[in-house]
Amino acid sequence: MRRWYLLLLVPFAGLLYPPLYATQDPQLFGFPFFYWYQFAWVPVTAALTYFVYRKTRSGEPSPADRGTGRFRREVAS
Amino acid sequence: MSFETNAVTITVFSALFLLVTVLGFVAARWKRGDLDLLDEWGLGGRRFGTVITWFLLGGDLFTAYTFIAVPALVFAVGAGGFFALPYTIIVFPLVFLVMPRLWSVASKHRYVTGPDYVKGRYGSRSLATAITFTGLLATMPYIALQLVGIEVVIQALGIGGGHLPLIIAFAILAAYTYTSGLRAPAMIALVKDTLIYATVIVAVIYIPSKLGGFDHIFSAAGDALPKRDEPGALIPSGADAQVAYATLALGSAMALFLYPHALTAVLSSRSQDVVRRNMSLLPAWTFLLGLMALLGYMAIAAGIKVTEPNLTVPALFDNMFPSWFFGVALAAIAIGALVPAAVMSIAAANLFTRNIWKEFVRPDCSDREESQVAKIVSLVVKAGALAFVLFLPTKFAIDLQLLGGVWMLQTLPAVMLALYTRWLHRWGLLAGWAAGMVAGTWIAASQDFVPVWATPIIGATAYTGLVALVLNLAVASVLTLVLGRHGRADELDETRDVDYDELRETREPAPAVGAGVA
């Protein structure tokens, strides 16, 4: 199950070698590549982490961790 | 520029500040527990679920000072200041891997602090004390910086002159932290985070529309930055700038969750499942921080001139926003300083009580006394931070906070590596820690507290903290090999492999204390 953890190394590879993305072009919505490329990693990393979370999660979530109304339940209790 | 007093701004600001003050005191009754127990006062009874942990960690890690300093740095140097984005992207996968293991072992053995764990793992009081010392040393200036954030807001409100407003704000904070413990910042974080989100989202839509769009903002910044006295750049070019960028991002990410206030927020969550799930939700904060950083370029495009860089964001907001929304934005920043300041002082209090008071002064003190000492220490710590800001130059706190990251990183082998292996010898860890602390401090001081260093041998400009960590690990490894089995004392390890299993849901019920536990 822990082999899924390897996926979490992908953002490190994508971000810790700046020559990969330290350029002006191509631009997007007025953003130089350097900026929108890094912003794009935010949702990608979140999605990867969530995927790994689902894949490595053990058993059923406890009732408190499941379902709707979590905000109301946690904050109001 | 100077800020003028505006009645509307001050009214909006005061109303919001009053709201969180009331919340801070009411929080004592929330998810009620026996606040005379350290687990309750200092960790909220370890009952926080996904939503509250998200607000608390977000409010705790992305501090008001971050929201002032990052745009100010981007305003001053350009792309170099943007390393905060990759830093706060990679930190969450990293924490996803490491922290659930710490949560599991801490919950099993009821550890409240990092040094609690180190002592359990290595049976070494000296090593645990070294980690305690590092945590306290790094946290104090960090709290002081939150005060600097409040001071900036007070200046922007135009009611500067004298430190009275700052002292009042801090006295209120100290009072409700004392009575409510970690519940206070957890509850206030709900308000703070909402205000910050509202402010930033409005800012990044409204301000570019007034400045002619993002392409204009970037091109204005690209024109202005190279002409600075110390030229900046829109895109980091050259090996030095790029290695510095990457090592700062990596080193800062590795250091962040070693800080006592980050550990406190992690340990206060209900389960390791909550911790792991949050790591896929917290990047929402990263996105916000990235947008905040762009305010630095907007300030350039708007032609903002400031006397000190920390005023960049307030000056931009003052220039762009109507006065009532300026009040909302300033309240967001000021309240944003209260949450981390409270969590940090609680974390420092937990540290002192568990690892100094109980360890050296009163080993047999009762749970009640333990909690009482922590409450008092939280006051002392805040008074210390206040004195810091009142009597020492701001640069001193900023330099020390930079050093704080370098220092915290030196506890990584004893705290984080220990979660995976006990191979390193405890004396090796202690010697490595000492070597890293001394070398890191010395290098940073010799560079006038610029966080990067043109490292000999590897021939690149890298983050000082990482350089010191490499030395730290080298010393620890060599000593481990030299000492061999001598004095290893594996039987002192009170943890078992199974305690670390982060994939096994423990399902241990929260301690049944007090009434009305949800």
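Predicted model: local features only at pLDDT ≥ 70, side-chain atom pairs only at ≥ 80, totals over all residues.

The secondary structure of chain B amounts to 21 helices and two strands, and its C-alpha trace spans about 65 × 60 × 40 Å along the principal axes. Because a compact globule of 518 residues would have a radius of gyration near 24 Å, the 23 Å found for chain B agrees with that expectation. Of the 518 residues, 58% count as buried.

The interior can be taken up next. In soluble globular proteins, nonpolar side chains tend to be buried together. The largest nonpolar core of chain B holds 200 residues, and those that touch the most other members are B:A144, B:A249, B:A293, B:L330, B:I333 and B:I335. Helix α16 of chain B, which covers residues 323-361, gives the most to this core, with 21 residues. As for B:A293, when residues up to four places away in sequence are left out, its contacts are B:V70, B:P71, B:V74, B:G81, B:F82, B:A84 and B:L85.

B:V148 lies in helix α7 of chain B, residues 125-156. Is B:V148 buried or exposed? With 23 other C-beta atoms within 10 Å, B:V148 is buried, because the cut-off for that class is 20 or more. Setting aside residues up to four places away in sequence, B:V148 touches B:Y65, B:V389, B:T394 and B:A397. The pair B:V148 and B:L390 is separated by 242 residues in sequence, yet their C-alpha atoms are 9.7 Å apart in space.

It remains to consider how chain B meets chain A. The contact draws 41 residues from chain B and 40 residues from chain A. On the side of chain B that touches chain A, at least two residues each are supplied by α3 (50-61), α5 (84-109), α10 (213-224), α11 (239-256), α13 (272-281) and α14 (283-301) of chain B. Of these contributions to the side of chain B that touches chain A, the largest share comes from α5(B), with eight residues. By residue class, the side of chain B that touches chain A divides into 25 nonpolar, eight polar and eight charged residues.

How values were computed:
Residues numbered from 1 in each chain as written. Chains lettered and ligands numbered in written order. Contact = placed C-beta atoms within 7 Å. Helix = DSSP H or I, 4+ residues; strand = E, 2+ residues; numbered from the N terminus. Nonpolar A, V, L, I, M, F, W, Y, C, P; charged D, E, K, R; others polar. Rg over C-alpha atoms; globule rule 2.2 N^0.38 Å. Buried ≥ 20, exposed ≤ 12 C-beta atoms within 10 Å, placed from the backbone. Core = buried A, V, L, I, M, F, W, Y, C linked by C-beta atoms within 7 Å.
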